Amino acid sequence: MVARRSLGREFGWLWASYAVSAYGSGLGFGAFPLIAVLVLDAGPAEVSALAAVGPAVGALIALSLGPWVEFRRKRPVMIAMDLVRFAVLLTIPVAYALGGLGVSQLLIVSAVVAAAKIVFAAASGAYLKGLVRPDDLLVANARFEAATWSSIAIGPPLGGAVIGLFGPVVTVLADAFSHLFSALGLTAIRSGEDRPGRTGGPGHRGGELLDGWRHILTHPGLRALYANHLLVAGLIMATEPLLAVLMLRELGFPPWQFGLAFAAPCVGGLIGSRLAPRVVARYGGPRVLRVVGTLRPVWLIGLAFVQPGLAGLVTVMAVELAIIVSMSLYNPVLATYRLEHTPGDRVTRTLSAWSISSSAAIAVLSALGGLLAAATDPRTAITVAGLLILASPLLLPRPDSARPAGVRRLAVTAGARGVCRDAGRSSPAARSSWLRHRRRSRR
């Protein structure tokens with residue numbers, strides 16, 4: 001089975017390190033707002049600032065670090081980012097024990113963790129590209145995707161139980177040590193890594209901040225997938241706080257049912273990620289991106305029809321399951337395509353640009369959704385998001401742009417040669433077709 005084949009001991013350590021960190025983050029999911037409300041008695045404005053300002057500042061920090069990371073060995077950078085997250089998260093339980101914890105500290109920690117997360121993800125993507133064979137990239141990305149969704153399915157419910165038993169900062173402590181264990185796992189990787197060379201002279205360094213976006217926007221396939229991703233991810237994430245208000249305040253769902261509605265469907269992430277290599281092997285990556293990318297947004301509108309009681313809970317779980325299965329099937333294929341179509345000396349900056357833009361799109365669309373919900377109601381805002389996202393398939397790449405340019409030229413040339421063989425004995429219409437192929441191949 002393609003999804004079960006071994007990718008080597010070194011990848012095993014990388015995957016284990018990622019899984020430990022992901023499960024720790026899943027356990028600590030939502031801990032900062034909870035601490036702000038339960039411990040610091042923060043109001044809605046402070047909690048909203050904590051959710052938006054910290055990641056935004058972190059994205060700005062990560063932007064300046066992208067070119068620096070690009071031209072350094074990636075594994076030491078990943079270890080450093082894990083240790084930074086361990087150290088900065090550890091300050092929260094320490095400050096809580098000493099009675100000095102404040103909202104400002106939560107903001108600073110949130111920003112540093114967000115920046116370290118973006119830098120780690122960009123460096124790990126570049127490192128993965130050099131660690132496994134090109135034809136193993138999809139299998140590797142599918143395994144990372146499976147670890148992500150399983151950590152979301154298990155971590156938050158377990159974290160809620162742990163907080164209820166041991167207090168609000170215990171999950172932050174567990175999250176901190178998960179990054180320490182991840183760093184230790186990365187140190188067990190023994191394969192060598194060459195130091196990347198700088199391709200431009202000193203005069204190019206100022207423009208390196210934008211090289212990731214420049215590569216994305218000048219590549220037809222990546223440009224289309226990038227625009228589609230920003231719209232889809234932004235609208236899906238923008239509905240989450242709206243759905244929370246709708247379910248908890250207006251429809252009267254208890255918190256445990258709300259948590260169950262989001263945690264249980266994450267099992268679908270295991271299904272989609274396991275299917276990804278097999279589906280691509282049968283249908284091809286470009287076709288999967290188009291078909292699944294078209295199906296992925298159609299489910300969101302279903303959240304606008306949530307009603308009280310068991311029927312409403314089942315509706316939310318069914319919609320979330322369909323979205324998550326689609327996303328977990330689509331995301332590894334997208335991640336593999338992105339790595340395959342990005343030069344080795346630009347991977348870190350491209351992945352950083354992608355993550356920063358995604359965070360910005362989610363923040364902007366979430367803010368707009370909140371304003372619309374305030375002017376109307378949450379159900380109306382969810383309906384508008386569900387209708388807008390139906391236009392996202394229009395942004396997907398055309399069939400030809402999802403293939404490398406060399407493959408397109410080869411296909412055209414091969415077609416021209418096939419016509420050429422029969423041109424001497426064909427009709428005038430066939431000879432005219434051959435001439436048209438010649439013109440296309442020259443272009």
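Tutor: Let's start with Gly369: leaving aside neighbours within four places in sequence, Gly369 is in contact with Leu242 and Ala381, where contact means heavy atoms within 4.5 Å. This is a predicted model, so local features need pLDDT of at least 70 and side-chain atom pairs count only at pLDDT 80 or more, while totals for chains, interfaces and linings use all residues. Residues are numbered from 1 along each chain as its sequence is written, and side-chain values use heavy atoms, with hydrogens and water left out.

Student: Why is Gly369 called buried?

Tutor: Buried means under 20% relative accessible area, exposed means over 50%, and partly exposed is in between (1.4 Å probe, protein chains only). Gly369 has a relative accessible area of 11%, so Gly369 counts as buried. Gly369 is found in helix H14, residues 347-375; helices (H or I, at least four residues) and strands (E, at least two) are DSSP runs, numbered from the N terminus. Gly369 and Thr239 are 130 residues apart in sequence and 7.5 Å apart in space, C-alpha to C-alpha.

Student: What makes Phe11 and Trp15 a stacked pair?

Tutor: Rings of Phe, Tyr and Trp (its six-membered ring) pair if their centres lie within 6.5 Å; planes under 30 degrees apart count as stacked, over 60 as edge-to-face and the rest as tilted. By this rule the count comes to six aromatic pairs. For Phe11 and Trp15, the rings are 6.2 Å centre to centre with 25° between the planes, and that makes the pair stacked. The two are four residues apart in helix H1 (residues 9-27), so about one helical turn separates Phe11 from Trp15.

Student: Which of those two is buried and which is partly exposed?

Tutor: Phe11 has a relative accessible area of 2%, so Phe11 is buried. Trp15 comes in at 31% relative accessibility, so Trp15 counts as partly exposed.

Student: Why is the pair of Phe86 and Phe177 called edge-to-face?

Tutor: Check the angle: Phe86 and Phe177 have 65° between the planes and sit 5.3 Å centre to centre, and that gives an edge-to-face pair. Phe86 lies in helix H4 (residues 74-98) and Phe177 in helix H7 (residues 170-187), so the pair ties together parts that are 91 residues apart in sequence. Phe86, at 17% relative accessible area, is buried, while Phe177, at 32%, is partly exposed.

Student: How do you know that Arg85 lies over the face of Phe120?

Tutor: A charge sits over a ring if NZ of Lys or CZ of Arg is within 6 Å of the ring centre and within 35 degrees of the ring normal. Arg85 lies over the face of Phe120 at 5.0 Å from the ring centre. There's another case: the charged end of Arg296 sits over the ring of Tyr330, 3.9 Å from its centre.

Student: What makes Arg85 and Asp82 a salt bridge?

Tutor: A salt bridge is a side-chain nitrogen of Lys or Arg within 4 Å of a carboxyl oxygen of Asp or Glu. Arg85 and Asp82 have their closest N and O atoms 3.0 Å apart, and they form a salt bridge. Both lie in helix H4, three residues apart, about one turn of the helix. Arg85 is buried, and so is Asp82.

Student: Which residue does Asp211 form a salt bridge with?

Tutor: That's Arg349, with the closest N and O atoms 2.8 Å apart. The pair links distant parts of the chain, with Asp211 in helix H8 (residues 211-218) and Arg349 in helix H14, 138 residues apart. Both Asp211 and Arg349 are buried.

Student: And why does Asp135 count as exposed?

Tutor: Asp135 has 51% relative accessibility, so Asp135 counts as exposed. The side chains of Arg133 and Asp135 meet in a salt bridge at 3.6 Å, N to O, and Arg133, Asp135 and Asp136 are linked in a network of salt bridges.

Student: Where does H11 bend?

Tutor: H11 bends by about 40° at Ala276, and a proline, Pro277, follows within four residues. The bend at a residue is the angle between axes fitted to the seven residues ending there and the seven starting there.
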